[in-house]
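Let's take a friendly walk through this structure together. Have the sequence and the 3D view open as you read.

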Amino acid sequence: MQPQRGRANKSAAKAFLAKVYMFEHKYADAKPILDQLIGSGQTAGGQKYTLVNFEDNFNAATKNSAESVFAYQASVNDGSQLNGNYGDVLNFPNGPGAPGGCCGFNNPSFNLANAFKTDANGLPLLDTWNNGTVVSDSSNLYTGNLDPRIDWTMGRPGVPYFDWGPDSKQWIRDPATNGVFSPKKNVYAKSQAGTYSSTETAFWGATSIDANNVNFIRFADIILWDAECEVETGSLSQAEVYVNQIRNRAADATGWVYSSGSYNAGNSRYSSQTKPADKYKVSPYPAGTFAAQGQAYARKAVQFERRLELAMEGHRFFDLQRWDNGTGTMAQILNTYQQVEKNRNSFYYTNPMAQFHKGVNEYFPIPQKQIDVENSTGEVNLKQNPGYN
């Protein structure tokens, strides 16, 4: 146990090692580490890792909880002017009356919103989520069941946005090209303005700097990594148990967004819980589903759960990258996304000429200046990634 609750400890170091093994597809090496972290891992403050209320992971008032494995520590109004979360400074809703007041970038897509559709049994549509009517599309509106995590992940038209009131189309920088959604994770509540948002003026967008930590690894991440390991080297039934831990948390109605009552930023919950903000239905997989459906199904279910649980937290590109492993699945997924989204130009702009190239775009180019430095002696120590020469 350490006096600084956010400091990296031995458990956090083990989690980073497991993450390296996951990128190397060394599931047999990652699994015992992840098993140990699930069984006895703890925060620097001595809390045993556990799942907390979902929104507590993104609320400055409840940060460094028992779910926080390692997080960038942010603070505001401490005299430094530099310790707040700058990473999301351009990603707040835009315009008068909006949280932060600027700048409306990094908007969620219709593709992501559609991923939160669930069937009559509360299970995700693993293959057909992007078919048919569209979530929050006024001209082709989906009216079926939704995973409640959608409304903690993104602002949607008419849905309560903490205590700022219903999400407004006036908060979109350019609805014709930016869509109808706003980021929501790591945005502060109106009642927290001036306390958990910056009042320091050295930076041009002080009100868009807040004290929300940035989660690099949280316990849900570890659980879903271990589910992957079970799919690849262990038990499909145990993988199902791990995925259902995540889904059961999402199914807890006390942690949903409600149109009734007021939002309490102190505990990330609504005071009156009589009218959910939408038709929420999310359920665990029935016992034995993964084993009955087989490894390919279980793998798809685990990967889809990571998309839902960790949406807008910066993991998706790197998950696709490590799952690709030279197969071309990353290019297939992203180019399929592009083919659909480019036809939604009246709602959400994407470059119609954009294409993801297999074997190239899985990695970024290495800066030429760094290559020149590393090879300055005449010996080739660093080569450019394929496709960028």
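One disulfide is present here, a term for a pair of cysteine sulfur atoms within 2.5 Å. It joins C102 and C103, with 1.7 Å between their sulfur atoms. The torsion about the S-S bond of C102 and C103 is about 85°, so this disulfide is right-handed. C102 and C103 are both buried (under 20% relative accessible area, where exposed is over 50% and partly exposed lies in between, using a 1.4 Å probe and protein chains only).

A word on the model: it is predicted, so local features need pLDDT of at least 70 and side-chain atom pairs count only at pLDDT 80 or more, while totals for chains, interfaces and linings use all residues. Residues are numbered from 1 along each chain as its sequence is written, and side-chain values use heavy atoms, leaving out hydrogens and water.

Now look for the largest nonpolar core, which has 71 residues; such a core is a set of buried Ala, Val, Leu, Ile, Met, Phe, Trp, Tyr and Cys residues joined through side-chain atoms within 4.5 Å. L34, F116, F162, I222 and F290 touch the most other members. Helix 6 gives this core nine residues, the most (helices, H or I, are DSSP runs of at least four residues, numbered from the N terminus). Leaving out residues up to four places away in sequence, I222 touches A15, L34, L37, I38, V69 and I217 (contact means heavy atoms within 4.5 Å).

Finally, find E309 in helix 9. E309 counts as buried because its relative accessibility is 0%. Beyond its neighbours within four places in sequence, E309 is in contact with several residues, including F54, E67, K185 and R249.

Methods: Helix = DSSP H or I, 4+ residues; strand = E, 2+ residues; numbered from the N terminus.
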